[in-house]
Amino acid sequence: MSASSPPRTIPFYQVDSFTRERFRGNPAAVCPLTEWLPDEKLLAIAAENNLSETAFFVPDGAGQALRWFTPKCEVELCGHATLAAALVYFQHRDRHASVVRFQTRSGLLEVRREGEAMRMNFPRLHAELCPEPPPALRRALPKGPLEFCWSATKFFVVYGSEAAVRDAAPDFGALEKFHPRGVAITAPGETCDFVSRYFAPSYGVPEDPVTGSAHCALAPFWSERLGRKKLFARQLSVRGGEMTCEVYRDRVDLIGHAVEVVRGVMEIG
């Protein structure tokens, strides 16, 4: 680029997901593109943003192709950044649309407007009992879990009370060694159906504020325990967040709100 050439820029948005309030929920960066940049550039942008996820989407036929990057790597599925990308699409790409369809590494993900909220249709993930959890996992977490389960790239550890989840102080250095598995801790809720927290230090995310993808397994797990298909969930991070989950045979709907916090352009060279 010559000294007189203008810098190349892309649109940039920051959105707080699974909340109605700014500065709560889970912040995600969203960069709509006209075509894909090289993967190393996408990862560099995500590292620069230093948020748990940066979402990139480009036009793809009748829908959009969507990818998600942590500061360290690309991921297979992300809920809060999908919610953020849908908000940006509805507000800045097609204000009249009621639905957006994203093609992703986890298949087709459809997001529909539902009043002020958005309903995301995600794959249902099964959590299986882990009768012999790694001893190091027990040592990395506070004492007192009732059950250990696993699903896809996540461990799920069940506690008996909301307080046990809220007050947990895990060993992040020890949890980092379980890559590629993140770790969710969960319990019945006092003012909701169930609560959780989620830790993924090996992905550059010591504690994720609100984790949509984890609820693809948590919601079916608690649906079976509580005998209900529709559940209200809260994630007990410092920022906090909430969503409604509806469980079907092979899919899960995650319903939540999102608010835009930052709008601008990013210079990328």
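## Cysteines

Disulfides first: the count comes to zero. C78 is in no disulfide, and the nearest cysteine sulfur, that of C216, is 10 Å away. Keep in mind throughout that this is a predicted model.

What about C192? Its sulfur sits 10 Å from the closest cysteine sulfur, the one in C245, which is too far for a bond, given that a disulfide needs the two sulfurs within 2.5 Å. Both C78 and C192 are buried, and the table puts the values side by side.

| C78 | C216 | 10 Å | 4% |

## Around N26

Now for the asparagine. N26 is part of strand β2, which covers residues 26–32. Is N26 buried or exposed? With a relative accessibility of 0%, N26 counts as buried.

Setting aside neighbours within four places in sequence, N26 is in contact with V15, D16, S17, S52, H80, D208, P209 and V210. Two of its side-chain partners make polar contacts: the side chain of S52 at 3.4 Å and that of H80 at 3.2 Å. C130, by comparison, is 104 residues from N26 in sequence and 29 Å away in space, C-alpha to C-alpha.

## Helix α2

H80 leads us on to helix α2, residues 80–93. Its 14 residues reach 19 Å from the first C-alpha to the last, close to the 20 Å expected at 1.5 Å a residue. How much of α2 is covered? Mostly covered is the answer, with eleven of the 14 residues buried. Among them are H80, L83, L87, Y89 and F90.

## Helix α1

Helix α1 spans residues 39–49, and its buried residues are L42, I45, A46 and N49. Seen down the axis of α1, they fall within an arc of 100°, so they line one face of the helix.

Just after the helix, N50 takes a positive phi of about 55°.

Definitions and conventions:
Residues numbered from 1 in each chain as written. Predicted model: local features only at pLDDT ≥ 70, side-chain atom pairs only at ≥ 80, totals over all residues. Heavy atoms only, no water. Helix = DSSP H or I, 4+ residues; strand = E, 2+ residues; numbered from the N terminus. Buried < 20%, exposed > 50% of the residue type's maximum accessible area, 1.4 Å probe, protein only. Contact = heavy atoms within 4.5 Å. Polar contact = N/O pair within 3.5 Å; in protein donor to acceptor, adjacent residues only side chain to side chain. Expected span 1.5 Å × (residues − 1). Arc of directions from axis to C-beta.
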